[in-house]
Amino acid sequence: MSEIFQKEYVRIMSSIGSMNASLKNNRKLLKNGKRKPFSKSLVGYHKMTPYKTYVLPEVQPHVLRRVRIKIKRENRRLLIKQIIVGVFVGSIITYWFYRIQYG
């Protein structure tokens with residue numbers, strides 16, 4: 001074997017060995033009862049909260065329709081602004097590259 005390949009092989013085998021050793025040690029801790037599993041340590045986690053959950057009020061359909069139309073209009077305006085800014089920045093960058101190449 002070449003020297004580089006041999007060093008790489010030793011490095012890989014040592015990392016696999018240390019991984020196996022840590023797995024073995026963790027397994028031993030669980031068997032002996034010295035360590036509680038993580039799932040058992042969450043006792044009392046799901047207690048009731050002292051406050052009431054917020055209940056959304058009922059909204060009439062025409063109000064929802066108005067909100068939906070307003071959001072669509074705002075999104076359309078935002079898209080148009082983004083396209084205009086993108087075209088402007090793209091044209092500046094294109095002009096800059098053109099000046100570098102042919103200037």
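How many helices and strands does the protein chain have? Colour by secondary structure and you'll get 2 helices and 0 strands, where helices (H or I, at least four residues) and strands (E, at least two) are DSSP runs numbered from the N terminus. Keep in mind that this is a predicted model, with local features needing pLDDT of at least 70, side-chain atom pairs counting only at pLDDT 80 or more, and totals for chains, interfaces and linings using all residues. Residues are numbered from 1 along each chain as its sequence is written, and side-chain values use heavy atoms, leaving out hydrogens and water.

Next, show the whole surface. Of the 103 residues, 0% are buried (buried is under 20% relative accessible area, exposed over 50%, partly exposed in between; 1.4 Å probe, protein chains only).

Now select Arg73, which sits in helix H2 (residues 61-102). Arg73 is partly exposed, at 42% relative accessible area.

Move on to Trp96 and Phe97. Their ring centres are 5.3 Å apart with the planes at 45°, so this pair is tilted; rings of Phe, Tyr and Trp (its six-membered ring) pair if their centres lie within 6.5 Å, and planes under 30 degrees apart count as stacked, over 60 as edge-to-face and the rest as tilted.

Last stop: Tyr98 and Tyr102, another tilted pair, 5.1 Å centre to centre with 50° between the planes. Both lie in helix H2, 4 residues apart, about one turn of the helix, and both are exposed.
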